[in-house]
Amino acid sequence: MSTSIEPDATSAMAAVNPRGIGRGGDTHPGAGRARGPRESLLSRSGAMLVMAIFTLYFLVPIWWLLVASTKSRGQLFSTNPLWFADFQLFQNIGALFAYRDGVYLKWILNSLLYAGLGAVVATVLAGMCGYALAKYRFPGRETIFNIVLGGVLVPATALALPLFLLFSRAQLTDTFWAVFLPSVVSPFGVYLSRVFAEASVPEELLEASRLDGASELRTFFTVSIRLMFPALITVFLFQFVTIWNNFFLPLIMLRSEELFPVTFGLYAWNSTINQFPELRTFVLVGSLLSIVPLIVTFLLLQRYWRTGLGSGAIK
Amino acid sequence: MRHTKRAVTAALLTSAALALTGCAAGDSGSGGGDAASCEPAGEDVTLTFTSWIPGIEDAVAIWNEANADIQVEVQTGPSGNAGTYQNFFNQLEAGNAPDLGQIEYDALPNFRVQDGLEDLAACEDVVAAQDQFLDWTWGQVTLGTEDEVYGVPQDQGPMALFYRSDLFEQAGIEVPTTWEEYREAAVTIREQGGYITNFSQTDINQFAGFVWQAGGQWFANDGDAWTVELTSDESMTVADYWQDLIENDLVATYPAWTDEWNNAYNSGEVWSWNSAVWGANSIASGAPDTAGDWSVALAPQWESGDSAAGNWGGSSIAVFKGTDHLYEAAKFALWLNTSEEALTSLNQTAAIYPATEAGLELPTLTEGVEFYGGQPIYDVFAEAAAQVSPDFVWGPTMTQTYADVSDGFKAAASGSSTLGEALEKGQASTIDALEAQSIPVAE
């Protein structure tokens, strides 16, 4: 928990920093804490206790999932749910991968494609849109921004059915596009990008770029995008998680098993578990494996995300 | 297929509400009884077929191999109530429903009143196939009408009594043949620290199976209007019986299908289960430590010497409105549910228990089952299947009825209400729901 916090993003320093990410900031959290009043031992241990309880609260289900995934079907109910019996994790994974010609692996790949590619496209679109709204003056700018902002308030669930009817008209249901296209829209991303671009991309720099003869597009992709990097990473992560967890849209759109994302596939299996008990182990192991890509993504990108949020907090 | 009444997400409910308004708005346009004719297309056709049965592709592959001119594409999804039914309604609304779909018996009337199904009576082959099916399974797809057929029965869930023969023997209890004896056994078992069975607060279709066995009805449809009879005499008799067991702590009330429920069976705390034929697998997987200790007997009767059985679950293959290939779709549905090769495949891959007379004599269904101490348990279920009344009719809003009655049952299990009150509330709310959908209600 100790990477640097970005300095005030509007400062000239960020603009001068060639990497533009503001990682060169030197305000260490430790230094900040030393300056403030020290917390009493009691309140610190109180806080630690609360955090420990919550950590436990969040980790126990994952622990249970991990333990349950290592058990054979027979041991699932007959052994201690929070401790290991015969360790069968790898046999279980093998059986899961072999079931129905490896349809599970196909689902994982689909999820990575929907979430990974979708989040990249969504980030680029949201970044450009937010940047344009922040840096160009044109009639209707605020109206557009307010409409986009209104989009944040509409839950994706409420849009799923209208989207289905629309896609039916275009005969695009039960295709890759039925899930991918709605996923590349991120009103929240536009909002965040605009706020961030306003704060972190100085007009002077854009002027300089224009004087040097760079086109607007080139300015955006070579200069501005780097300044907005923390925000874009945040948008990417948010959107990645949103698409990964968006199960309702695939539920309504998709019928072909080979197009399912992993969340929906596991849900479909789970819904028939009473009738086909042999699926239980697959659902458990599948759930365990399906959180791995999310964890990896977070571990890789968390420091960018934290800097992004941190700078937002300072604003 | 059985209802897996899992918690329906708020999301699904939202969509259901949206779809209902959508359907209501669309009815005026899409209504009309332009019954499709059942003629061969005379060209190669491709049918789409939605089912959530894992492994049904194997059976379809056999068909595709033999019928180059009628190819069937399998689509899949979650079980009916977990989303597939809602998808069907959405697709009907959007005009891109599959040709065929799997629909449980208790959901069929809902699709019927929404005008989502083709009447298969137009197809001679379907009408001619009636004799192959058990009377009551056929009754489940004619929906109480004289000459309309809204699906081809696929499987069934005749109910019998699963019991721990080892524990019953040790305790010196005869297998109860009447519900009165069942209660006496419950007292003895309770004295020994166990429970005779678990009363499920959520499996309302199991309770419906009890009412079915008692000769009761929950719904009737005279062609013009629906009658709702959740509080019929038989229904109340069943409710009072179980209410008494609950009040005297003679049955456990674990939430069904949970880990603690499995554990109650696995640890030998609960000694019997009044369940359908597919329950055989549920016990085997949920209570693996008890292998070899279970047996199956015909269900206890209300009157000594009676022979009646209830049914829990079962589904049909229906053809959706809007198909261009009624003839081919009906032909495939018939093959899937009557041919020996298809029924064998379905039984092997997904333990489907056929709805035809001949299907009950499949070689795999006459063998002894190891988990049940080698007892040929399917013989018992075949006997039970022949005892199921053909008169039981489902209502058009079963999802709502189940949910409301289940709320009441949960209150009864916790002691703050009774099963009878739950049925009375379910009766009232079901009538409200029907009227809200402009479905005529008698009385």
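User: Why are α5(A) and α16(A) called roughly perpendicular to each other?

Analyst: In this predicted model, helix α5 (residues 89-98) of chain A and helix α16 (residues 279-290) of chain A pack at an angle of about 100°. Angles of 65 to 115 degrees count as roughly perpendicular, and therefore α5(A) and α16(A) are described in that way. Their axes are 9 Å apart.

User: What makes the contact of α5(A) with α16(A), and into which classes do its residues divide?

Analyst: From α5(A) come Asn92(A), Ile93(A) and Leu96(A), while α16(A) brings Thr281(A), Phe282(A), Val285(A) and Gly286(A). These residues divide into four nonpolar, three polar and no charged; Gly is counted among the polar ones by the definition used here.

User: How many helices and strands does chain A have, and what share of its residues is buried?

Analyst: Chain A has 17 helices and zero strands. Of its 315 residues, 35% are buried, a word that applies to a residue if 20 or more other C-beta atoms lie within 10 Å of its own.

User: What makes β8 and β9 of chain B edge strands?

Analyst: The open sheet of three strands has the order β8-β5-β9 in chain B, with antiparallel pairing. Strands β8 (272-276) and β9 (294-297) of chain B each pair on one side only, and this is what marks them as edge strands. From one strand to the next, the twist averages 30°.

User: Which helix packs on the sheet, touching β5, β8 and β9 of chain B, and what angle does its direction make with that of β8(B)?

Analyst: Helix α12 (residues 279-286) of chain B does, and its direction makes about 135° with that of β8(B). The roughly antiparallel class is for angles over 145 degrees and the roughly perpendicular class ends at 115, so an angle of about 135° counts as oblique.

User: Which element gives the most to the side of chain A that touches chain B?

Analyst: The contact takes 26 residues from chain A and 37 residues from chain B. On the side of chain A, α8(A) gives the most, with seven residues. By class, that side has 13 nonpolar, ten polar and three charged residues.

Conventions: Residues numbered from 1 in each chain as written. Chains lettered and ligands numbered in written order. Predicted model: local features only at pLDDT ≥ 70, side-chain atom pairs only at ≥ 80, totals over all residues. Contact = placed C-beta atoms within 7 Å. Helix = DSSP H or I, 4+ residues; strand = E, 2+ residues; numbered from the N terminus. Pairing = 2+ DSSP bridges. Axes fitted to C-alpha atoms, helices over the stretch in contact; angles between N-to-C directions. Parallel < 35°, antiparallel > 145°, perpendicular 65-115°, else oblique. Buried ≥ 20, exposed ≤ 12 C-beta atoms within 10 Å, placed from the backbone.
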